[in-house]
Amino acid sequence: MSLQLDFQDQYPREIEFEIDRMKLLGYLSDQAKLGCFGIVFPFAILIAFAFYREAMAPFHKNDDIWFWFGWFSLYMLGGLAACGVLGSVLYVSYFRRSARLKANNLRLMVDGCYLRLVSGGFVVIDQRFHFREVSSYATVQGPLLRRHKLKTLCFRIDRRMNSPALLVTGLADADEVRDVLCEIDAAREWAGSSSPGHSRSPSNG
């Protein structure tokens, strides 16, 4: 038997918040590129330096600083070129498609007294939380998010207080979604608490 609850707030029972998927895809792509090149960069430079030392060993008696600087610069440029190639291969082979899937899969919805979050790329995670479990709504914006004119919505799950906050990036208006969720949370947090399996008061929850 389904239980129909009457909510006293002004919002519909079911809401799906708008995701700006183009901005989100741009943000995820840039984030993936930075990660790929950041991972490859130190290895490429170390390998280039190792080749430099081996190639220049026969010239150890040469005291011309510009001779050493010129060859060092040439090998470092080669390392940067290798970093660009390897980072691009890593990005194109996996992370570009992963970013596209993440941008397409993301959904944030209100379903009665539940908040539902669908996220992930190759592996899709569908999570559903009662508003009693959700707290501490906030928005965050760093340099990369600011560049793409996005903010991240953060909220915590009470039973996961030792875990990082859940992050939702890509909302068309994260500040408005935060405010709407706060109002819905306040109105629906204890909706249906008198039904079987629920406590009758917050103090007993």
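Predicted model: local features only at pLDDT ≥ 70, side-chain atom pairs only at ≥ 80, totals over all residues.
**Entry 1: getting started**

For my notes, "partly exposed" sits between buried, under 20% relative accessible area, and exposed, over 50%.

**Entry 2: the partner of Arg 178**

Which residue does Arg 178 meet in a salt bridge? I found Asp 175, with 3.5 Å from N to O. Both residues belong to helix α4, which covers residues 174–188, and being three residues apart puts about one helical turn between them. Asp 175 comes out as partly exposed too, at 23%. I then saw that the pair belongs to a network of salt bridges, in which Lys 151 and Asp 179 are linked with Arg 178 and Asp 175.

I ran a search over the whole structure and got eight salt bridges. I looked up one that joins Arg 107 and Glu 16, at 2.8 Å from N to O. Arg 107 is in strand β2 (residues 107–111) and Glu 16 is in strand β1 (residues 14–16), so this pair ties together parts that are 91 residues apart in sequence. How accessible is Arg 107? I read a relative accessible area of 30%, which is partly exposed. Glu 16 is partly exposed as well, at 45%.

Next I went to Arg 116 and Asp 126, whose side chains meet in a salt bridge at 2.6 Å, N to O. Here strand β3 (residues 114–119) holds Arg 116 and strand β4 (residues 125–130) holds Asp 126, so the parts tied together are ten residues apart in sequence. I have Arg 116 at 26% relative accessibility, partly exposed, and Asp 126 at 46%, also partly exposed.

**Entry 3: aromatic rings**

In one of them, the ring centres of Trp 66 and Phe 69 are 5.9 Å apart and the planes stand at 90 degrees, so I call the pair edge-to-face. Both residues are in helix α2 (residues 65–105), three residues apart, or about one turn of the helix. Is Trp 66 buried or exposed? With 64% relative accessibility, Trp 66 counts as exposed.

I also wrote down one aromatic cluster, made up of Phe 49, Tyr 52, Trp 71, Phe 72 and Tyr 75.

Definitions and conventions: Residues numbered from 1 in each chain as written. Heavy atoms only, no water. Salt bridge = Lys/Arg side-chain N within 4 Å of Asp/Glu carboxyl O. Helix = DSSP H or I, 4+ residues; strand = E, 2+ residues; numbered from the N terminus. Buried < 20%, exposed > 50% of the residue type's maximum accessible area, 1.4 Å probe, protein only. Phe/Tyr/Trp six-rings, centres within 6.5 Å; stacked < 30°, edge-to-face > 60°.
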